[in-house]
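Subject: The structure we talked about

Hi there,

Here is the structure I promised to pass on. Have a look at it first, and then read on for what turned up when I went through it.

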Number of protein chains: 2
Amino acid sequence: MNKPERGPQARNREETRERILAAAERVFAEYGFEGASLSRIAAEANLPKSNIVYYFETKKKLYRLVVENIFNVWREAADAIQPDNDPEQALGDYIDTKLELARQRPYGSKVWANEIIQRAPIVQDYLEGELRSWTDDRIRVMNHWIAEGRIRPINPRNLLYAIWATTQHYADFKHQIQTLNEDKELSEAQWQDTKRAVKDILIQGVALRSE
Amino acid sequence: MNKPERGPQARNREETRERILAAAERVFAEYGFEGASLSRIAAEANLPKSNIVYYFETKKKLYRLVVENIFNVWREAADAIQPDNDPEQALGDYIDTKLELARQRPYGSKVWANEIIQRAPIVQDYLEGELRSWTDDRIRVMNHWIAEGRIRPINPRNLLYAIWATTQHYADFKHQIQTLNEDKELSEAQWQDTKRAVKDILIQGVALRSE
DNA sequence: AAAAACTTTGTCCGCTCGGTCAATAATTTT
DNA sequence: AAAATTATTGACCGAGCGGACAAAGTTTTT
């Protein structure tokens, strides 16, 4: 009856699950939910297809886990958006972290984008629950900043969307950016440039003119 | 031999093609290239599947036309980005037009997003040809503006990406925005707000501080 | 009005899909 | 070491896929 004794089997089980999840993130990102096939995911993970089904039961359940993963990562990135923090600093940190995630986890971002483009057929409940309350919290903070005259009175919702759009663009449209960069990945220096430019544009957009 | 006499047949032919293209835009947008099926497109267009094949031969060719359509619409939207125009006016107009397109042609935008997310398996040649030269032209204009000290010295490429990302976000992530808006479509007033806010953020981001 | 060209549509095909299942192998519990 | 549990895998299934094709209907050209 006692399972959680973490024998070699349990460890391997977790490793295999992670490997499948990583493969699934890549494949879902590049083909969308319907376009991704279990056999492609299996090939990517170097496992037979039946093994995937054994661990995750259905394609839909596997997909949901992938989507929830990226959402949770993003959620943590906004930790700095708190009433008492300096707005420009907090938003700058948020943008930095978000861009870093676009760089490190582009597949997750693409899966999310795909799911939303297709009108969230699988995770709509997530949007109406966790995403909505999380977003409302951040907007409340930004309204607080505006009330205190610490940033320009810009609709926080549109500001938030601008941040999301701009940062995630570097993941979702990575291929286009690369093509427009002579087919080369962005260099370290270009990433630094990008972070500076994005913050520059967006932060100056909300900063008080008097500064 | 003479065909272009535009009899009732020719007119009907064009109507049918347009109906299929419109249906295909919607279906490709919501399911991606692989997820979209010819039978779904056919059902959406109220035609038998064979008819689609008759007019467009293959799914791929039909898809390409859909993608080229939206690209051409977007291309025209940037007409105002010319060296002699006022930068803030020109960029503001571009943003306005781009947002209006996000509102009126969300499906086209979604198809484009899907194609890029999936690394442009069908239209890569387009990216390397028309998109690249078009983009370089705009960047040249913006560098000209910077050299003349008419906008802040922000990397034009990042600025362009910020504009694309932010405007297209309102099409591609329309469903998410709607969910965060109490499941209601944006009202006319909200669209006006959005246009103002987006321009406010991005234009203030490039505007000279001295103004 | 006969012939030619174009359009519409139903049927059919080989293939891949998500998922089931049973056989087997490996590990853990008794 | 026997029994029970967990993990791995190949064979298989009905369904839907993109597309080929031929028959029938319509329009245009002779």
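UniProt, in an unreviewed entry, places a "DNA-binding region" at residues 37-56 of chain A. Please keep in mind that this is a predicted model. In the model, that stretch is 80% helix and 0% strand, and its end C-alpha atoms lie 14 Å apart. The unreviewed entry also lists "domain: HTH tetR-type" at residues 14-74 of chain A.

Now to the two chains. Chain A can be superposed on chain B by a rotation of 180° with 0.0 Å of shift along the axis, at an RMSD of 0.0 Å. The two copies are therefore related as by a two-fold rotation axis. As for how they meet, 100% of the interface residues of chain A are also interface residues in chain B, so the copies use the same surface.

Is α6(A) mostly covered or mostly open? It is mostly covered, with eleven of its twelve residues buried. Among them are W112(A), K110(A), E115(A) and I116(A). Just after α6(A) comes R119(A), which takes a positive phi of about 70°.

A23(B) sits in helix α1, residues 8-35 of chain B. Its relative accessible area is 1%, so it counts as buried, the cut-off being under 20%. Which residues does A23(B) contact, once neighbours within four places in sequence are left aside? They are I41(B), E44(B) and A45(B). By contrast, A197(B) is 174 residues along the chain from A23(B), and their C-alpha atoms are separated by 33 Å.

T167(B) belongs to helix α8, residues 156-172 of chain B. T167(B) is buried too, because its relative accessibility is 0%. Its side chain makes a polar contact with the side chain of K98(B), at 3.4 Å. Not counting residues up to four places away in sequence, T167(B) touches I95(B), L99(B) and A102(B) as well as K98(B).

Best wishes

How values were computed:
Residues numbered from 1 in each chain as written. Chains lettered and ligands numbered in written order. Heavy atoms only, no water. UniProt positions renumbered as here; feature names shortened; annotations may be inferred. Helix = DSSP H or I, 4+ residues; strand = E, 2+ residues; numbered from the N terminus. Least-squares fit on C-alpha atoms with pLDDT ≥ 70 in both. Contact = heavy atoms within 4.5 Å. Buried < 20%, exposed > 50% of the residue type's maximum accessible area, 1.4 Å probe, protein only. Polar contact = N/O pair within 3.5 Å; in protein donor to acceptor, adjacent residues only side chain to side chain.
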